[in-house]
Amino acid sequence: MNILVLIIIYLFLFFNIKIFKISYKTAPYIFLTPVIFINLIYFPSLKLLLVPLILTLSVGLTIYNSKKYNLLTLIIMLFLILSCKPEISVFRDQNTINQINSQRGEDIAIYKNLLIAKLAHNKSTLIFTLIKNTEQYLDPVKIFASANYPWLNHYYSLGYLFPWDLILIFYAIYLFVNQQNKQNNSKLLIGILSIIILIIPVSLGQNEEYSKIIATTLALFLLIISTKSLGKLNRKYTFFAYTLACLFNLLHLLTINQLIVR
Amino acid sequence: MKINKYFLSILLICVFFTRFFFVDKFFPTLNMDEVAIGYNAYTISKTGSDERGVFLPPYFRSVGDYKMPVLIYLTSAFVKLIGLNELAIRLPVAIFSSLSVLVLFIFSKKYIFSSKNSYLSWWVGFLFAISPWHIYFSRFGFEATVSLFFIILNIYFLYQFNNRQTLKNLWLIFISGTIALLTYHSAKIFIPLFNLTFFIIIRSKIISFIKKELTSRSKIYYYVSLVIQVIIIFLVFKFYYFGPGSSRAKSVFLIMDYEYQHLLLPAVSQSIVASISRGVLFISLWLKRYLEYFSVNFYLYSGLNLVRPGEFGQGVIYPVELFLIFISPLILLSKKINQKIFSNPKLTPQVLLFWILIGFLPASITNNSQQSLRNLFVLPAILILITCSLWVIVINQKRIRRSIVLALISLGYFFGIIKFTDHYLVHFPYQLSEHMHYGWSQIAQYAIRHAQEYDRVIVDPRFGTEGQKIYGVPHLYFLFYSQYDPKIYQSDPRRSEDKGDFANFIFEPINWQTYDGKGNYLFIGSPWSFPKDQITPAMLNFKVKFINGQDAFWAVAGNKK
């Protein structure tokens, strides 16, 4: 491994922690920047990053700050969906149709009756196909342990976010469900609906570019949530957690460097 | 504790129907683990020794594996009572499975739900009774199902200890935990970690209990108990964690994963930070395996593997429960809901959380992805959470809306039950009879009936329609169905580590080219074990087909050319 890369990574992490310490005193959310940066280096294409970045920030701000962003979020999402024009291919996918026919055939052979075959397989297989397509973007394995990086060894388990971000996301949910201000419930609902709206088109079709955007959007959205909850931690724990996260990041970087497909 | 007899009888009927109805007939054949358990139980009941002649062994040496002892000793009692047959092998598991439902019901009624919501324990009981995850593993001779019973009992006693810190309760925790641990390999990880976590959660009570015991007059009992428990723990560790009993864990440990060993490690082996990278790779792989248990597909359509890979099959829960699982983290984390629903709002959410987190740990450190048997222990916690979600979305609604929600959920369960029944009774045997070792029992029974007509019966241990992929342990089927005298088998000099030749049965791959055609032999193997152009209809004595109609085994008489 190039020793210069190692030194740069070390320096980066050193200053990262310094920046965090300073920014926490003045404006807690400034440290979002280095956290995002360290994760950005994993994303396959910067070109694909712009739309989800804007979108995620708007969704994040909708949830955490002000109602005025609601309209903006919806407009951006609508634009994104319309621009992608996903194909609705799930209902004519040959694999799915073959599977329905095969399982129905087995039922008819046993029961000598079409009713159970229809009840058990007709629509359910199509619904399961839709869920499966949707699941590809919400699957914790995909987000936290097995994202698609063309430039990296295929077998290396690396997600869009690190698995320890999950703890922070759960902490964010914990803070959310136990807060006194009920108005935030509607904001969470808008956030969840936004994600569902984002994913519906891609669950109906197979648009690869769009899939990448969705994955990146979700990753960044979750990153904002986890950063937010990092800021909410007790101060002595925050610094400890942040240092630990940086250390884990460093270990990952050292390993990733050896697994790049050249 | 008052129990409604009407509901109890419905629950018992439900449990009886799902666990005992045709348990010996469906699935229609015993799998290899079941015959291994069965024949060892038979030898124990006859001689007190296992198939290898070891007297009352602490673990049972099987082919490439060491089986935990509890289920085999339990089964030996049933074999003694009703003989060596399918029912005797599956009955103990079905009984403990049914008892698990009742114990979970009592546990949740007494310790989980608040007195106002104690009726929710009925919901937990019914959901457990109809759970596809539990029904499926209750109708085979699986050790995990018996272990689950003792785990629920262990957690029941942990709560009892939390309420009343006595030496007796501590002993009950210790005994139930040790039996669970001696029943199934995964419990060796779950039980110590979960008990330790529970004690950490209630640490203040533990400290005051120890202080109280040390200052009491009867402190001698405390010291004696401590010494006995330490000795037992030492023995358990010696035999099952570090001794030969740990071989199973070593053979399936995540580090043995093919991708990790052959595709990842070589990539980092030349680096100056190779040791760090190896650690990072291992942790990353483990985290991936762990998170796979939180994927939707595991719960919705692939958890139980009842169909061919790639097809939509049966998940470990009903589809309608998926939505309920999604909202369960919100319930678990909401202090307000916890206070309403749980009798101990501080302890129970933590227990349920760690029950799930630790429950998935044993399966995640093995080299299989999404294995539903090794994490069966989490099922009760998941069902309690599903019940809480049901409470939130049903009870908290106004009357009309409540009726609509209830109707929709009932419809969802109705559809789920139809789908599970269809997968379990139709597609599972049709598509996967080969993987469940179907055919061995039929061919073994045929060969045993005709063995006297031949000098040798040569059995090919390889099987499968797709080629010579699967190696089995067919000698156990032949021993099982012939009820071969254990004393003769134990002293047979031909018996070795991976071969089980006995009487005139020889277990080795068939090599037709070297057979000279003169011996009076019966050959048993898959159709591809024989050159089809040389087998005449007169030689083909008997055929066994898989349930999908493909030929599974042929019995070919060698001397009828």
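In the predicted model, B:F27 is found in the loop that runs between α1 (5-20) and α2 (32-47) of chain B. The peptide bond leading from B:F26 into B:F27 is cis, its omega being near 5°. B:F22 also lies in the loop between α1 and α2 of chain B. Its phi is near 50°, a positive value in a residue other than glycine. B:F22 counts as exposed because 10 C-beta neighbours lie inside 10 Å, and a residue with 12 or fewer is placed in that class.

A positive phi is also present at B:L56, where the angle is near 35° in a residue other than glycine. B:L56 is found in the loop between α2 and β1 (60-62) of chain B. With 10 C-beta neighbours inside 10 Å, B:L56 is likewise classed as exposed.

The secondary structure of chain B consists of 24 helices and 9 strands. Its C-alpha atoms fill a box of roughly 80 × 65 × 65 Å along the principal axes. Of the 561 residues in chain B, 47% are buried. When contacts between residues at least 6 apart in sequence are considered, 72% of those in chain B join residues at least 24 apart.

Chain B is divided into two parts, domain 1 (5-30 + 85-429) and domain 2 (440-557). A distance of 40 Å separates the C-alpha centres of domain 1 and domain 2 of chain B.

Between the chains, 37 residues of chain B are in contact with 37 residues of chain A. On the side of chain B that touches chain A, at least two residues each are supplied by α13 (258-268), α14 (274-291), α15 (296-302), α16 (319-333) and α21 (399-432) of chain B. The largest share, 9 residues, comes from α14(B). By residue class, this side of chain B divides into 23 nonpolar, 7 polar and 7 charged residues.

In chain A, helix α12 (residues 235-259) has 25 residues. From its first C-alpha to its last, α12(A) reaches 36 Å, close to the 36 Å expected at 1.5 Å a residue. Buried residues in α12(A) include A:Y242 and A:N249, and A:L253, A:L254 and A:T255 in α12(A) are buried as well.

Notes. Residues numbered from 1 in each chain as written. Chains lettered and ligands numbered in written order. Predicted model: local features only at pLDDT ≥ 70, side-chain atom pairs only at ≥ 80, totals over all residues. Helix = DSSP H or I, 4+ residues; strand = E, 2+ residues; numbered from the N terminus. Buried ≥ 20, exposed ≤ 12 C-beta atoms within 10 Å, placed from the backbone. Contact = placed C-beta atoms within 7 Å. Expected span 1.5 Å × (residues − 1). Nonpolar A, V, L, I, M, F, W, Y, C, P; charged D, E, K, R; others polar. Domains from an automatic or database assignment.
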